[in-house]
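These are my notes from one sitting with a model. I wrote the entries in the order in which I looked things up.

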Amino acid sequence: MRVSANEIETGARKAAQGCGYAYGLAVEAAFATGWLCRRDLDGVGILLTCLKSAGRPKHGQRQDWLRQVTAHGWHWQPAAGASGGLDPLRIGPALADLLEAAAKTPAKAPTASLPAAVRLESCHAPSLLLGFVARAAGRAGLDISLSWPGARIVWRGDALIVPPAACSPHALILREPVTVDCAITRHGEDAASGTSTVSAPPPAPANQGQGIGYRVALRDWRRLMRLAARTMVESTAQSRLAGAGAGLVEND
Amino acid sequence: MTPLLHDIAHPDPATGAVHDLMRPPEQVMRLSRMGSFFPTRISFLRSLVRRMQRQQWRISRRRFRLDDDGYGDAVYVVDTGSRRYSLVAFSRALDPDKRTDRVIAEAWDTTFTLFDGVPGARDLARLARNVPRQEAGRFRASELVLSRANKSVRLFRSVVAALAAGRQPDVAELATIGYLMRTTAVYGNGKFGIADRACLAARPELSGPFAAEMLSVYLIREFTLDMVDHIARRRGGDAAVPLALPLRRFLGIGNSTGLGMAPFLNSHPILIDHWMQAREYALARTRAVDRATAEEAARFRAVATRASRHLAEWHTDDLRQAGRIRRLCADLRRLITLIDGDGLLESVQPWDRIYRLAEDHLGLEAQELAISLILEVNGPLIDGLEDCMAADRVMEIDPAMDTASLSDILVRHYDWALALDLTQSDALRQFWYVSADKQEPRLGDRYQEPGAEKEMPLDVAVQVQALRDVLRGGKDFRTVADLLLARPDLRHIVRRAQTVARHPYGEIRDSLVAGDCLAIDLLRCKLSFFGAGKFDPRSDRWIRITLFQGAPLRDELTTGHDDDWSFPVKPVAPAATATMDAGAGMVA
């Protein structure tokens, strides 16, 4: 079936909320899903794979993955005893944040320096990282190459040089976690001066300006809506009568 | 960012004096004041009508196939000169027991879509299968807006009966209600598969906030007026008369709305900041004016006088609002007396003096009414600001910000939230949620009803205090990125706070979950930006309003009808058998 961009992003957000993600992370899930759909990828299918396999997130104070800083860069992996692999909906925003912060602020410690490489061990649905990496590359003026078996996507600043469409389709929708590698360099003088490219919109993907919507498998859409329905409260006689403030009839 | 909005955000010395006259967010962004707003000449529907007149849009009725009872379908085509749009209307018989303005309705008197272009036969067939089903149908990007309207049963029948019998309807009765039909939802931006708003962003004629929705409502108004004439003619035959022009013009289109509209003011801080800044900058510009011309002074007196009559005709059964209207009428009389007594219109900085007079001596509604009156007569100075009200940016996190700066933001922009005592039960009494009952938005009592664990994130004060506690908590987070790594649950409030620091008029400075929060204040604020008038609360969270009352009719858009139809008043009762004579029964 065909759905609009707004339906995709609202549905993705609510589905993520329905799976226990805090609102701010659910918004990021919607962003990541929309990014894929705008590039004619099965964003909804990939999101559903992630929501099923990543399990209910623990969004408390404790990080549930290990971060190591080595001479080569950052190495993230699931914490010992943690179930499942890295969750791209947690990893992606964190990675984008940390890369941008490292690129823009003077490093006071090696752990805060911009890494030349990042390795993410055992990451679920790595395609969901793409929107976040694109954001970091564009806003922080970085050249980034992101790869996992069968896939390699490259950005130079806000320009997508090797798009996901160039990858094997099977590599973009994975049922098992994989190791993801990220190579990073600063992009020219813009990054060195700390100037953000956020004010310049990224090049419009092929589908964006046409507004014709996106094709989603009906079965996937229904699954997404079932997850989204978890955000709704069952109606009671009292809430039906008084919750909206209009009375039952509102007809004169 | 448009050039004008850039000036607002970055005043240079030449414009600095104007910027200094802007009322600050801590004064403006209070629910009680926002709930006292009136429409202005830069409200969205006024801007649309000015554009339609300026660009000489032509609206023709391409198809009108209604039976004797008014059931059938119709197509109205709008030609902007560069593009065409069509309102496709369906009118169906409706069991009176099933008629409700609630979201939980499943059938309506009339249903509509705004179509991108002119629909062919196959489009019409597809639309006929889906539009009457509304949310249960599926739509394409060729549909820009989806809407429905129910009859104001009392008035509709009465008007049809009068016209069929060869007489004009009772003007007093028209004035009590003000519309023949009420829209109960006007969906845009991708809902149910219709076109995303991004499709329209590059079209100047529909790039303004809710422009497509306003155009749809304008055309629906035309349809309701034609429909009532049609039914009367079928009933009365040769004895029937059409609705006289002044009465047609006086009838607007109603709208019945509840909580669905309210969270928008919370969830779009950048957009709301643009709306508010444009309005406040408009006021500031007029306050900086050195002298009013004689014509401007005369126009102000005329509009103020008309507004007095408009207020006297503003009917509501809501006791609270009725009391506010009585006070407002008294305040306006006092304002006019003081203005004349002190010769303010002939003084230096007349608009500044009038505004300060209202602020110092009158209630909130009168203060905000005074703003609308002042803006009304300063069109050339402020109309350009309507181009500043759209916003295409999204909220973003600045992860490189140091946490000390984030703490500063909380102190500067959220002092109101930090000062709240959230241990008091009434501080958190309400929660906003979406019901599984056709996704109807509702408000609940946290201590009496289930569902608070699924509440929508409108509890800004709670989130702000949680963020403050973490920042104070002793753990040293160097940057926002470090903070969010440890506390991803704070992502939303951090993004929000950083956004509001750049868009200070984007945050409401009252708690939306407090027991004394009146959702109706949110509704009235948003509706005033649409251009709505005659606010008629049905409860503290449901309201009816009128749109386009007094607006030029479709055939008048190209005939030089002036832009002076704010605060419409009931026309002099036309002759019983008045026809469509443009000169009959003009407003006294």
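Predicted model: local features only at pLDDT ≥ 70, side-chain atom pairs only at ≥ 80, totals over all residues.

**Entry 1: Glu280(B) and its helix**

I began with Glu280(B), which is buried at a relative accessible area of 1%. I use buried for under 20% relative accessible area, exposed for over 50% and partly exposed in between, with a 1.4 Å probe and protein chains only. Glu280(B) is found in helix α12 of chain B, residues 269–287. Helices here are DSSP runs of H or I with at least four residues, strands are runs of E with at least two, and both are numbered from the N terminus.

I listed what Glu280(B) touches, leaving aside neighbours within four places in sequence: Met22(B), Arg23(B), Val28(B) and Tyr505(B). A contact means heavy atoms within 4.5 Å. I also checked His19(B), which is 261 residues from Glu280(B) along the chain, with 9.3 Å between the C-alpha atoms.

The helix itself, α12(B), is mostly covered, with 18 of its 19 residues buried. From first C-alpha to last, α12(B) reaches 26 Å, close to the 27 Å expected at 1.5 Å a residue. The expected span is 1.5 Å times one less than the number of residues.

**Entry 2: confidence and conventions**

Residues are numbered from 1 along each chain as its sequence is written, chains are lettered from A and ligands numbered from 1 in the order in which they are written, and side-chain values use heavy atoms, with hydrogens and water left out.

The predictor gives the complex an ipTM of 0.92 and a pTM of 0.92. For single residues I read pLDDT, the predictor's confidence on a scale from 0 to 100. Chain B averages 93, and 95% of its residues score at least 70. Its residues 579–588 fall below 50, and this stretch has 19 contacts in the model beyond near neighbours in sequence. Chain A has a mean pLDDT of 84, with 79% of its residues at 70 or more. In chain A the pLDDT stays under 50 over residues 189–210, for which the model has 26 contacts beyond four places in sequence.

**Entry 3: cores**

Which residues have the most contacts inside the largest nonpolar core? I found Leu215(B), Trp275(B), Met276(B), Phe300(B), Trp432(B) and Phe548(B), in a core of 149 residues. Such a core is a set of buried Ala, Val, Leu, Ile, Met, Phe, Trp, Tyr and Cys residues joined through side-chain atoms within 4.5 Å. Helix α9 of chain B, residues 211–236, gives the most to this core, with 14 residues. Apart from it lies another core, of 71 residues, among them Ala32(A), Val133(A), Ala140(A) and Leu172(A).

I followed up Phe548(B). Not counting residues up to four places away in sequence, Phe548(B) touches several residues, including Leu45(B), Met214(B), Tyr218(B), Arg249(B) and Trp565(B).

**Entry 4: chain A**

Chain A has nine helices and nine strands. Of its 252 residues, 53% count as buried. Residues 24 or more positions apart account for 70% of the chain A contacts with a separation of 6 or more.

I then took helix α2 of chain A, residues 23–38. Its 16 residues should span 22 Å at 1.5 Å a residue, and the end C-alpha atoms are 22 Å apart, which agrees. In α2(A) 13 of the 16 residues are buried, so the helix is largely enclosed by the rest of the structure. Asp40(A) follows α2(A) and has a positive phi, near 60°.

**Entry 5: cysteines**

How many disulfides does the structure hold over all chains? I count zero, taking a disulfide as a pair of cysteine sulfur atoms within 2.5 Å. Cys50(A) is in no disulfide, and the nearest cysteine sulfur, that of Cys123(A), is 8.2 Å away. Cys50(A) is buried, at 0% relative accessibility. Cys329(B) also counts as buried, at 17%.

**Entry 6: positive phi in chain B, and one loop**

Phe210(B) is not a glycine, yet its phi is positive, about 60°. Phe210(B) is found in the loop between β6 (179–187) and α9 of chain B, and is buried at 16% relative accessible area. Lys534(B), also not a glycine, has a positive phi near 55°. Lys534(B) lies in strand β10 of chain B, residues 533–539, and counts as buried at 10% relative accessibility.

Last, is Ala419(B) buried or exposed? Ala419(B) is exposed, because its relative accessibility is 62%. Ala419(B) lies in the loop between α19 (415–418) and β8 (430–434) of chain B.
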